Amino acid sequence: MPRIAVIRFPGTNGDLDVVHVLRNVVKVDTELIWYDDYKHGIYDAVVIPGGFSYGDWLRAGAIAARSRAMGEVVMDAEDGVPVLGICNGFQILVETGLLPGALLPNDPPRFIARWIWVRINDVKTPFTKLYEPGEVISMPIAHGEGRYFIDSIDETRAVFTYFGENPNGSVASIAGIANYDGNVLGLMPHPERSAESVLVPRRFIAGGLKLWLSLKESLRGGW
């Protein structure tokens, strides 16, 4: 059975939500790992959850990105292991250099926390395999530094884009990107908070569930 690691840094706050969804909703073997104990070559997939690692000191994700644990994650990613970064996890992946670009303070500059709609543009990743191309789903966002920027969008693989409203001023409305091989994905919306209908407000849908089911399916049958 596939094993998935969820890495907890000082200041992470979305780890238990991810563990709950993986264990109780998707039903895969999942282990919560303190960042200093993480070693590469053990797990079939890695999730870096949201939060405020090291209090967002210097820049969001900057200190965690320079930890020994992220060196181990880089080795896993280079071996083709699926790596998912959510919100602060996305910021850590960019600071690590596993994903291109930068995540800047929102425009307008304020913390935003609400449900939004996103479109899936790329289904050839282990995290989007079960979505339909162009499918529009809803997930919540909660961040102050989620404005994605890159000099040329031709240099990135935009898997998720905001649909309708661009809530933080991201270039080309980008909400989530993957690396060239597709096994590393970062996104600002929270799929772990939209995987169960009981958590979804009226007019929205549990759009994050397929992401977790895609990962489970991909670990068993490829993507």
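Predicted model: local features only at pLDDT ≥ 70, side-chain atom pairs only at ≥ 80, totals over all residues.

Me: Good. Which side chain does Asn168 reach at 3.0 Å?
Reply: That of His143. The two side chains make a polar contact at 3.0 Å. The side chain of Asn168 also has a polar contact with that of Tyr162, at 3.2 Å.

Me: Where does Asn168 sit?
Reply: In a loop. Asn168 falls between β9 (157-162) and β10 (174-178).

Me: Buried or exposed?
Reply: Buried. The relative accessible area of Asn168 is 0%, and the cut-off for buried is under 20%.

Me: What else is Asn168 in contact with, away from its sequence neighbours?
Reply: Leaving out residues within four places in sequence, the contacts of Asn168 include Asn106, Asp107, Ile112, Gly146 and Arg147. His143 and Tyr162 are among them too.

Me: Switching to salt bridges. How many in the whole structure?
Reply: A search finds 10. Side chains of opposite charge can pair when their charged atoms come close.

Me: Which partner does Glu72 have?
Reply: Arg68. Their side chains form a salt bridge at 3.3 Å, N to O. Both residues belong to helix α3 (residues 68-78). They are 4 residues apart, about one turn of the helix.

Me: And how accessible are Glu72 and Arg68?
Reply: Glu72 is buried at 13% relative accessible area. Arg68 is partly exposed at 39%.

Me: What about Asp122?
Reply: The side chain of Asp122 meets that of Arg157 in a salt bridge of 2.5 Å, N to O. Asp122 is in the loop between β6 (112-120) and β7 (136-143) and Arg157 is in strand β9, so this pair ties together parts 35 residues apart in sequence. Both residues are buried.

Me: Which residue pairs with Glu135?
Reply: Lys210, through a side-chain salt bridge at 3.2 Å, N to O. Glu135 lies in the loop between β6 and β7 and Lys210 in helix α5 (residues 209-221), so the pair ties together parts that are 75 residues apart in sequence. Lys210 is partly exposed, at 31% relative accessible area.

Me: Which residues are joined into a network by shared partners?
Reply: Asp17, Glu192 and Arg193. Salt bridges that share partners link them into one network.

Me: Now the sheet. What covers strand β3?
Reply: I can tell you what is buried there. β3 (residues 45-48) is covered on both faces. Ala45 and Val47 are buried on one side, Val46 and Ile48 on the other. In a regular strand the side chains alternate between the two faces of the sheet.

Me: Which strands does β3 pair with?
Reply: Strand β1 (residues 3-8) pairs with β3 in the parallel sense, over 3 bridges. Val6 has Val47 as its bridge partner. Strand β4 (residues 83-86) also runs parallel to β3, joined by 3 bridges. There, Val46 has Val83 as its bridge partner.

Me: Last topic, the core. Which residues touch the most other members?
Reply: The largest nonpolar core has 63 residues. Phe9, Tyr38, Val47, Leu84, Phe160, Leu211 and Trp212 touch the most other members.

Me: What does Phe9 contact beyond its sequence neighbours?
Reply: Setting aside residues within four places in sequence, its contacts include Trp34, Tyr35, Ile48, Tyr54, Met70 and Ile92. Ser53, Ala64, Ser67 and Ala69 are also among the contacts of Phe9.

Note on methods
Residues numbered from 1 in each chain as written. Heavy atoms only, no water. Helix = DSSP H or I, 4+ residues; strand = E, 2+ residues; numbered from the N terminus. Buried < 20%, exposed > 50% of the residue type's maximum accessible area, 1.4 Å probe, protein only. Polar contact = N/O pair within 3.5 Å; in protein donor to acceptor, adjacent residues only side chain to side chain. Contact = heavy atoms within 4.5 Å. Core = buried A, V, L, I, M, F, W, Y, C linked by side-chain atoms within 4.5 Å. Salt bridge = Lys/Arg side-chain N within 4 Å of Asp/Glu carboxyl O. Pairing = 2+ DSSP bridges.
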